[in-house]
Amino acid sequence: MKDLKQAPVNHIIILVNIVIFLMVEITGSWENADHMLRWGATGTLDIWENHEYYRLFTAMFLHFGLQHLGNNMLVLLFIGDCLERNLGKIRYGLLYILGGAGANLFSVFQEIRAHEYVVSAGASGGVFAAIGGLLYIVIRNKGHIENFTSRQLVILAFLCLYHGMTSAGVNNTAHLAGLILGFALAFFMCPGGLRTRAFK
């Protein structure tokens, strides 16, 4: 209960992801690309030609399967809670949403450049933005905050990126873009660094 009070935004994000996954499954299946598009997945041409930019945000709450959802939410539970406690509710919410949507936008640009027109979804862009944001906070806090060190976060980011690059059907552009955007957003939100929980 204490963790819930200290990181309510992150827990709401996780809950929304779970509820939407269940609703997608009740009304159809994540295996059906058209069904995922109806729920708001990012279709390259839908965004580029039809200007359905809302998909950059809605796709962050959709997942291709229970494992996809579980992996993202498990990482977000630990990373996001810590980041929200130290960054604050509003800043954390903005970093997660802007980082995730920005990562999806970079992904669309890459797909257009490569002439790849795909349907994609997942919270990974926002999750990597949270990793990048926490990495900045840890660095500004002399390499350590709560139970995290900068070395641990660099290893985590590397392992997550490596897993994506060695797996089929993974949006690696969104992962890398989310990591960079999260770091940059944390920098602009806290240019002077953080004292202990200064922005709660």
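**Figure 1. The right-handed crossing of helices α6 and α7.** In this predicted model, helix α6 (residues 66-87) passes helix α7 (residues 89-113) in a right-handed crossing. A crossing is right-handed if the near helix is turned clockwise from the far one by less than a right angle, and left-handed if anticlockwise. Helices (H or I, at least four residues) and strands (E, at least two) are DSSP runs, numbered from the N terminus. The axes of α6 and α7 come within 7 Å and cross at roughly 135°; axes are lines fitted to C-alpha atoms, for helices over the stretch in contact, and angles run from 0 to 180 degrees between N-to-C directions. The two helices are therefore oblique to each other (under 35 degrees counts as roughly parallel, over 145 as roughly antiparallel, 65 to 115 as roughly perpendicular, and the rest as oblique). Contact, meaning heavy atoms within 4.5 Å, is made by L76, G80, L83, E84 and L87 of α6 and by K89, R91, Y92, L95 and Y96 of α7. These residues divide into six nonpolar, one polar and three charged; Ala, Val, Leu, Ile, Met, Phe, Trp, Tyr, Cys and Pro count as nonpolar, Asp, Glu, Lys and Arg as charged, and the others, Gly among them, as polar.

**Figure 2. Helix α2 packed against α6.** The axes of α2 and α6 are 8 Å apart, and the helices pack at an angle of about 170°. They are therefore roughly antiparallel to each other. On the α2 side the contact is made by P8, V9, N10, H11, I13, I14, N17, I18 and F21, and on the α6 side by L66, L69, M73, L76, L77, G80, D81 and E84. By class, this contact has eleven nonpolar, four polar and two charged residues.

**Figure 3. Helix α2 against α7.** Helix α2 (residues 8-27) and α7 have axes that come within 9 Å and cross at roughly 40°. P8, V9, N10, I13 and N17 of α2 meet K89, Y92, G93 and Y96 of α7. The contact has five nonpolar, three polar and one charged residues.

Figure 4. E31 lies in the loop between α2 and α3 (33-39) and is exposed, with a relative accessible area of 63% (buried means under 20%, exposed over 50%, partly exposed in between, with a 1.4 Å probe and protein chains only). H51, in the loop between α4 (44-48) and α5 (55-58), has a positive phi of about 60° although it is not a glycine. H115 likewise has a positive phi of about 60°; it is found in the loop between α7 and β2 (119-120) and counts as exposed at 60% relative accessibility.

**Figure 5. Residues 195-200 and the confidence of the model.** The mean pLDDT of the protein (the predictor's confidence in each residue, from 0 to 100) is 86, and 88% of its residues reach 70 or more. Over residues 195-200 the pLDDT is below 50, and this stretch has 13 contacts in the model beyond near neighbours in sequence. Where pLDDT is low, the predicted coordinates should not be read in detail.

**Notes to all figures.** Residues are numbered from 1 along each chain as its sequence is written, and side-chain values use heavy atoms, with hydrogens and water left out. Local features need pLDDT of at least 70 and side-chain atom pairs count only at pLDDT 80 or more, whereas totals for chains, interfaces and linings use all residues.
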